[in-house]
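Open the model in your viewer and keep the selection tool ready.

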Amino acid sequence: MSNRDKSQGLERRGGSAGSGSREQTERGGALYGGREDSCFRSTMESMVFIFSLIDCCALIFLSVYFIITLSDLECDYINARSCCSKLNKWVIPELIGHAIVTVLMLISLHWFIFLLNFPVATWNIYRYIMVPSGNMGVFDPTEIHNRGQLKSHMKEAMIKLGFHLLCFFMYLYSMILSLIND
């Protein structure tokens, strides 16, 4: 008997040729849909932490660059104007990179990491918004030697470096854990 004859026989009995397989597919989809959804979530979680790890590496290198440039200014290897112009061009990329990771952790519902990143991202935004008018940027060559601003900028860069190193290991651990659970 051919497949066509079988399907006609099923239609005569009140069923369709594909109804049994369609029913199994619907049941199977319901049973395995949860597993596929879980696999998708786990894969997305892995991708979130891989991106966060790459972004954190960039922020670590940026913090080291800030420390080196500020220490060069402190030792008078470069003048204040060139130092501030070099640093100011990296303030917005640092702000954007940190804000993206913070929003990504909020969207992916990693509350602890979000709450850890939120104050630093808020501080970066506040520091950028509160630049006085007439200044060159966050780092201003006319004021960097006044009132110990150089020391405070250096201390801030060191604190950010420590924070980003802590985040690096948290992201690395979370990435490995999500890949193992995948």
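Start with α2: with five residues, α2 gives the most to the lining of the second largest pocket. Helices here are DSSP runs of H or I with at least four residues, numbered from the N terminus. A pocket is found on a 1 Å grid over the protein atoms alone: an open set of points where a 1.4 Å probe fits, with protein on both sides within 12 Å along at least five of seven lines. Lining residues have an atom within 4 Å of a point.

Before going on, note that this is a predicted model, in which local features need pLDDT of at least 70 and side-chain atom pairs count only at pLDDT 80 or more, while totals for chains, interfaces and linings use all residues. Residues are numbered from 1 along each chain as its sequence is written, and side-chain values use heavy atoms, with hydrogens and water left out.

**Stop 1: the second largest pocket**

Select F40, R41, M44, E45, V48, L104, I107 and S108; they line this second largest pocket. Two helices, α2 (19–74) and α4 (91–107), each supply at least two residues of that lining. The space in the second largest pocket is about 170 Å³. Volume means the space filled by probe spheres set on the grid points, which are joined across faces, edges and corners. Colour by class: the lining has five nonpolar, one polar and two charged residues. Nonpolar covers Ala, Val, Leu, Ile, Met, Phe, Trp, Tyr, Cys and Pro; charged covers Asp, Glu, Lys and Arg; the others, Gly among them, are polar.

**Stop 2: α4 against α5**

Show α4 and α5. Their axes lie 8 Å apart, and the helices pack at an angle of about 150 degrees. α4 is therefore roughly antiparallel to α5, a label for angles over 145 degrees. Axes are lines fitted to C-alpha atoms over the stretch in contact, and angles run from 0 to 180 degrees between N-to-C directions. The crossing of α4 and α5 is left-handed: the near helix is turned anticlockwise from the far one by less than a right angle.

Now pick the side chains. In α4, the contact includes V91, L95 and L106; in α5, W111, F114 and Y128 are among the partners. Contact means heavy atoms within 4.5 Å. By class, the contact of α4 with α5 has 14 nonpolar, four polar and two charged residues.

**Stop 3: α5 against α6**

The axes of α5 and α6 come within 12 Å and cross at roughly 150 degrees. That makes α5 roughly antiparallel to α6. The crossing of α5 and α6 is left-handed. Select F112, L116 and W123, which are among the α5 residues in contact. Across from α5, the α6 residues include L166, C167 and M170. The contact of α5 with α6 divides into 10 nonpolar, three polar and three charged residues.

**Stop 4: α4 against α6**

The axes of α4 and α6 come within 14 Å and cross at roughly 35 degrees. α4 passes α6 in a left-handed crossing. Pick E94, H98, V101 and M105 of α4, then K160, F163, H164 and Y171 of α6; these make the contact.

**Stop 5: the largest pocket**

Which residues lie nearest the centre of the largest pocket? Select R127, M130, V138, Q149 and H153, from a lining of 15 residues. α5 (111–129) and α6 (149–181) are the elements that give two or more residues to this lining. α6 gives the most, with four residues. The largest pocket has a volume of about 320 Å³. Its lining divides into six nonpolar, five polar and four charged residues.

Definitions and conventions:
Angles under 35 degrees count as roughly parallel, over 145 as roughly antiparallel, 65 to 115 as roughly perpendicular and the rest as oblique.
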